[in-house]
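Have the structure open and follow along.

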Amino acid sequence: MEPLRVSLVGASGRMGQAVQDCARRHPETFALIGMPGRGDDWTAAFEHCDAVIDFSLPETTDALIEAVVAARKPLVVGTTGHDDEGRGRIAQAAKSVPILLAANFSVGVNALFWLTRKATEILGPDFDLEVIETHHRLKKDAPSGTARRLVEILADVRRLSLERDLRPGRVGNAGPREANEIGVHSVRGGDVVGEHTVLFAGMGERVELTHRAASRETFAAGALRAAAWLVRQKSGRIYDMEDVLGLREGDS
Ligand SMILES: NC(=O)c1ccc[n+]([C@@H]2O[C@H](COP(=O)([O-])OP(=O)(O)OC[C@H]3O[C@@H](n4cnc5c(N)ncnc54)[C@H](OP(=O)(O)O)[C@@H]3O)[C@@H](O)[C@H]2O)c1
């Protein structure tokens, strides 16, 4: 079988380098055929690839979406930190081309998503919910895309509202904790690749689910795996890594 021809946006960045390393270790499976940067014609650059992988910044979303739709290519988005408008544009484009958007490509973190849903269901409303994430000093967005996804899962199971119940950090005279709050806390420092803890704090007991990434390789390998999966899918909705791994409720 021919290797999957991949075009990579954000190739010069930390994640871009990790994807390049991973693809080069598997030349029989993946061929990086384009790494367009600022000022390049992305539609033309995508013409001969099977799929596009993006690890850049949310600022590139408009140009990226326009180019994949024009070139009619599946897109794997690893970039995090999109606002509602950016997400809306990605959702609109997903009607024309297959798009997979994953806050985190590691198998471990996707298992954490699944475990978080289950633990929230089992522990019920008497447990206070907090998410703590730690990343390297250069990370731009906060909270991390993975922390946002964890918060979405908690809010979904407990039927809470992100607008009303989210408490991103607490400062000053914050007062006693409300039962419905979901706290989210961002720690930044050094070269930490990424750590996420979901804390379920009850009276007399506490459950903590933690994932620690030691290298970016797991994200890179997951993004390439997602691209190989996505080229076999139809457009119509945004996919995520839980689809690739078969972790959706109801999947066998
Ligand atoms: N989904 C996951 O599993 C996962 C894991 C880790 C990180 N991430 C996310 O992936 C993204 C990249 O992270 P990183 O640590 O690799 O960042 P980084 O080292 O800062 O790299 C950013 C890349 O984007 C490019 N870029 C930025 N603005 C651009 C523009 N306007 N046009 C074209 N290219 C542009 C940069 O190119 P220049 O060299 O030209 O500046 C660089 O190649 C972040 O959103 C991060 O949160 C996701």
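Predicted model: local features only at pLDDT ≥ 70, side-chain atom pairs only at ≥ 80, totals over all residues.

**How the helices pack**

Residues are numbered from 1 along each chain as its sequence is written.

Back to the pair: α5 (residues 107-123) and α6 (residues 145-158) pack at about 25°, with axes 9 Å apart. Axes here are lines fitted to C-alpha atoms, for helices over the stretch in contact, with angles from 0 to 180 degrees between N-to-C directions. Helices are DSSP runs of H or I with at least four residues, and strands are E runs of at least two, numbered from the N terminus. Among the residues making the contact are Phe-113 and Thr-116 of α5 and Leu-150 and Ile-153 of α6; contact means C-beta atoms, placed from the backbone, within 7 Å. By class, this contact has six nonpolar, three polar and four charged residues. Nonpolar covers Ala, Val, Leu, Ile, Met, Phe, Trp, Tyr, Cys and Pro, charged covers Asp, Glu, Lys and Arg, and the others, Gly among them, are polar.

Now look at α3 (residues 61-71) and α4 (residues 84-93), whose axes come within 10 Å and cross at roughly 5°. That makes this pair roughly parallel too. Ile-65 and Val-68 of α3 and Ile-90 of α4 are among the residues in contact.

Which residues come nearest the ligand? Of the 25 around it, they are Gly-10, Gly-13, Arg-14, Met-15 and Ser-56, where near means a C-beta atom, placed from the backbone, within 6 Å. Helix α1 (residues 14-25) gives the largest share of the shell, three residues. By class, the shell has eight nonpolar, 13 polar and four charged residues.

Finally, the backbone. Ala-142 and Pro-143 are joined by a cis peptide bond, with omega about -10°, and Pro-143 sits in the loop between β6 (128-135) and α6. Arg-72, in the loop between α3 and β4 (75-77), has a positive phi near 55°. Arg-72 is exposed, because 12 other C-beta atoms lie within 10 Å; the cut-offs are 12 or fewer for exposed, 20 or more for buried, and partly exposed in between, with C-beta atoms placed from the backbone.

Notes: Contact = placed C-beta atoms within 7 Å. Parallel < 35°, antiparallel > 145°, perpendicular 65-115°, else oblique.
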